[in-house]
Amino acid sequence: MSPVPSPPVVEGEADFHYPAAGKPLKTWYKVTGELTPTSTPLFILHGGPGVGAEAYNIFSDLTVKYGIPIIQYDQVGCKRSTHLREKADAGEEFWNEDLFITELHNLVRHFGLDADGRQYDVIGHSWGGMFGTPFAAQRPRGLRKYVVWSAAPSIQIWGDAQRELRKRLPQDIQDVMERCEREGRTDSKEYKDAEWEFYKRFMCRLDPFPADIMDGLAELERDPTVYTSMKLTNWTAVEKISTIDVPVLLLNGKYDQAQDSCLLPFFERLDKVKWVRFEDSAHMAHFEERERFMQVLGEFLTTGSSLST
């Protein structure tokens with residue numbers, strides 16, 4: 001049996017004009033698969049914020065099996081897109097969802113997917129699902145389907161879930177984290193080691209972590225500007241959920257940082273919605289249950305038929 005040929009890959013940059021940035025911006029992107037006048041590509045909104053697109057390279061599975069072109073991109077402020085270290089102290093007036101929603105609109109226009117007869121899908125992972133939700137609620141031209149993956153519709157709901165998960169850690173790990181936070185030593189090795197214990201349980205349960213996930217975490221060390229500047233104080237999109245008018249797929253893992261409490265507001269407020277939970281996964285189900293994850297997502301995007309749970 002002959003090997004399946006690898007899909008074509010094209011990398012490029014899109015100019016991005018955002019006056020508040022005070023300089024020209026560029027968004028780096030990678031397209032896997034053929035973009036034709038009739039294809040419906042999938043935009044992947046990465047998490048973090050600020051980790052970049054590497055962790056989603058294996059979405060090429062969708063291209064190979066289902067013929068879905070995928071568009072990965074580094075959100076502005078990280079990796080190969082324009083960095084904004086000089087905006088580290090700009091506050092929430094600059095660092096808010098509007099920056100990233102505007103960037104996504106710009107990328108859609110760059111590919112001509114807002115034109116008559118064109119369509120595209122969006123999947124938002126973690127932070128990507130947080131700004132992806134108000135984007136979808138705007139009912140942008142061309143949006144066909146939306147996937148909320150391991151995300152929450154408010155910072156309060158997300159924070160509550162993290163606090164509940166921390167209670168599941170061994171007591172000595174909890175004590176270290178609480179003490180370091182109280183003493184302002186969250187950049188200490190002691191705290192980072194304790195935080196890693198949280199990640200091993202609720203971010204990714206594979207040992208070792210896949211290299212592409214580690215690459216994204218390393219980016220937070222190379223340039224933490226976006227991650228540390230996005231405070232999202234009192235941020236919520238709960239009231240916008242019911243405005244979404246396209247079919248929505250909800251995805252999370254049993255051991256996910258995005259516990260069921262994070263997805264429930266979507267399920268309660270949407271009419272065209274399906275929820276699938278991965279029983280052996282945390283926050284990275286595309287690695288932890290790769291085959292089933294790609295099947296569930298691929299079927300939703302290509303057929304819209306009932307999904308097996």
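Leaving out neighbours within four places in sequence, Gln257 is in contact with Trp158, Ala161, Gln162, Leu165, Phe198, Phe202, Met203, Cys262 and His283, where contact means heavy atoms within 4.5 Å. Gln257 sits in the loop between β7 (248-253) and α9 (260-269); helices (H or I, at least four residues) and strands (E, at least two) are DSSP runs, numbered from the N terminus. With a relative accessible area of 9%, Gln257 is buried. Here buried means under 20% relative accessible area, exposed over 50%, and partly exposed in between (1.4 Å probe, protein chains only).

This is a predicted model, in which local features need pLDDT of at least 70, side-chain atom pairs count only at pLDDT 80 or more, and totals for chains, interfaces and linings use all residues. Residues are numbered from 1 along each chain as its sequence is written, and side-chain values use heavy atoms, with hydrogens and water left out.

Now for the chain as a whole. Its secondary structure comes to 11 helices and 8 strands, and 55% of its 309 residues count as buried. Along the principal axes, the C-alpha trace spans about 55 × 50 × 45 Å. A compact globule with 309 residues would have a radius of gyration near 19 Å, and the chain agrees, with 19 Å. That radius is taken over C-alpha atoms, and the globule rule is 2.2 Å times the number of residues to the power 0.38. Among the contacts in the chain with a separation of 6 or more, 73% are between residues 24 or more positions apart.

Next come the helix pairs. Two packed helices are described by the angle between their axes and the distance between the axes. The axes are lines fitted to C-alpha atoms, for helices over the stretch in contact, and angles run from 0 to 180 degrees between N-to-C directions. Helix α4 (residues 155-166) and helix α6 (residues 189-202) have axes that come within 11 Å and cross at roughly 100 degrees. α4 and α6 are therefore roughly perpendicular to each other; angles under 35 degrees count as roughly parallel, over 145 as roughly antiparallel, 65 to 115 as roughly perpendicular and the rest as oblique. On the α4 side the contact is made by Gln162, Leu165 and Arg166, and on the α6 side by Tyr191, Phe198 and Phe202. Sorted by class, the residues of this contact of α4 with α6 are 4 nonpolar, 1 polar and 1 charged. In this sorting, Ala, Val, Leu, Ile, Met, Phe, Trp, Tyr, Cys and Pro count as nonpolar, Asp, Glu, Lys and Arg as charged, and the others, Gly among them, as polar. Gln257 also touches residues of this contact, including Gln162, Leu165, Phe198 and Phe202.

Helix α2 (residues 97-110) and helix α3 (residues 127-137) pack at an angle of about 75 degrees, and their axes are 9 Å apart. So α2 and α3, too, are roughly perpendicular to each other. Glu97, Phe100, Ile101, Leu104 and His105 in α2 meet Trp127, Phe131, Pro134 and Phe135 in α3. The contact of α2 with α3 has 7 nonpolar, 1 polar and 1 charged residues.

Phe100 turns up again in the core. In the largest nonpolar core, which has 53 residues, Phe43 and Phe100 touch the most other members. A nonpolar core is a set of buried Ala, Val, Leu, Ile, Met, Phe, Trp, Tyr and Cys residues joined through side-chain atoms within 4.5 Å. Apart from residues up to four places away in sequence, Phe100 touches Gln75, Val76, Trp95, Trp127, Phe131, Val226 and Met230. A second, separate core of 41 residues includes Ala55, Ile68, Ile173 and Leu217.

Val76 is also one of the residues touched by Leu25, along with Ala14, Asp15, Phe16, Tyr18, Thr82 and Leu84, again not counting residues up to four places away in sequence. Leu25 belongs to strand β2 (residues 25-32) and is buried, at a relative accessible area of 2%.

Finally, a few backbone details. A cis peptide bond joins Gly48 and Pro49, with omega about 0 degrees, and the bond from Asp207 to Pro208 is cis as well, with omega near 5 degrees. Ser150 is not a glycine but has a positive phi of about 55 degrees; Ser150 is buried, at 1% relative accessibility. Arg139, another residue other than glycine, has a positive phi near 55 degrees, but is partly exposed, with a relative accessible area of 47%.
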